[in-house]
Amino acid sequence: MIETERLILRVPEPRDRDALVGMFTNQQVMAQLFPGMDEAAADAVIAKHDRLRGEGLGFLVVERREDNAVVGFCGLKRGEPHAPIVGAIEAGWIIDLPWWRHGYAHEAMHAVLARAWGQIAEDRIYAITSAVNHKSQALMAKLGMVRLAEGDYLSASFPEGHVLRPTVTFAIDRPE
C-alpha cells in the first residue's frame with residue numbers, strides 16, 4: 001500500500017471489480033488507450049496485474065481518502081512483447097472520467113515512482129502511449145520523464161492505419 005495526501009494506492013480487492021470494469025469499458029476513458037474493451041477483457045487486465053504481484057509489480061487501485069471512491073488504476077508492469085521496451089519496467093495509469101483534471105494521476109504516479117526506486121534494481125522506468133495521447137505525454141513530462149525518439153514505433157495492438165498505432169516512449173532514470 002502507498003499513501004499520499006489525498007490517495008491510497010492498494011492491491012485490488014473483489015469489491016473494486018465493478019469500478020475497474022466500468023472504467024475499462026468506458027469508451028471515453030479508453031479512447032486514446034485501448035477502446036472497445038469488453039467486460040471479459042477488463043477482467044483479464046485485472047488478472048494480469050494480479051499475476052505480477054510476486055515480482056513487486058502490478059497496478060494498484062487508486063482510492064480517494066476522503067470517501068474511498070475508486071478513481072483509477074496505476075502502477076508498474078513489464079513492457080509487452082510488441083513494444084521496444086519488452087520486459088523492462090513500464091509505468092502506467094488510468095483515471096476514471098469523473099476524476100479527470102484533479103491531479104490524481106500525477107499524485108499517484110509520483111508516489112509509485114518514488115517507491116519503485118527502493119524496490120527495483122532497474123535504473124530506468126519507461127512509459128508508452130499513443131502519439132495522439134497528448135495528456136498522458138504531458139503527465140510523463142511533469143513526472144520528469146523524457147521522450148525517447150528511438151522509442152517511437154507502430155503498436156502491433158492496432159491495425160495498419162489506426163490512429164492509436166503510432167506510439168511514443170518516455171523514460172525516467174533512477175535519481176542519483
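How much space lies in the largest pocket? About 710 Å³. Before the details, some ground rules. This is a predicted model, where local features need pLDDT of at least 70, side-chain atom pairs count only at pLDDT 80 or more, and totals for chains, interfaces and linings use all residues. Residues are numbered from 1 along each chain as its sequence is written, and side-chain values use heavy atoms, with hydrogens and water left out.

A pocket here is an open set of points on a 1 Å grid over the protein atoms alone, where a 1.4 Å probe fits, with protein on both sides within 12 Å along at least five of seven lines; lining residues have an atom within 4 Å of a point. Points are joined across faces, edges and corners, and the volume is the space filled by probe spheres set on them.

The largest pocket has 29 lining residues, and L33, F34, K77, E90 and I128 lie nearest its centre. Elements giving two or more residues to that lining are α3 (39-51), β4, β5 (89-95), β6 (124-130) and α5 (134-142). Helices (H or I, at least four residues) and strands (E, at least two) are DSSP runs, numbered from the N terminus. β5 gives the most, with five residues.

The second largest pocket has a volume of about 610 Å³. Its lining counts 22 residues, with W93, I95, W100, K135 and S136 nearest the centre. Here α5 supplies the largest share, five residues.

Next, strand β3. Seven of its seven residues are buried, meaning under 20% relative accessible area with a 1.4 Å probe, protein chains only. R64 sits in this strand, residues 58-64, and counts as buried because its relative accessibility is 11%. R64 is also the bridge partner of L7, where β2 (residues 7-10) and β3 pair in the antiparallel sense over four bridges; pairing needs at least two DSSP bridges. On β4, the antiparallel pairing with β3 runs over six bridges. The two form a hairpin with five residues between them, and N68 in the turn has a positive phi of about 60 degrees.

Last, the rings. There are three aromatic pairs, counted when ring centres of Phe, Tyr or Trp (its six-membered ring) lie within 6.5 Å; planes under 30 degrees apart are stacked, over 60 edge-to-face, the rest tilted. F24 and F73 have centres 5.6 Å apart and planes at 80 degrees, so they are edge-to-face. F24 is in helix α1 and F73 in strand β4, so this pair ties together parts 49 residues apart in sequence. Ring pairs link F24, F59 and F73 into a cluster.

How values were computed. Buried means under 20% relative accessible area, exposed over 50%, partly exposed in between (1.4 Å probe, protein chains only).
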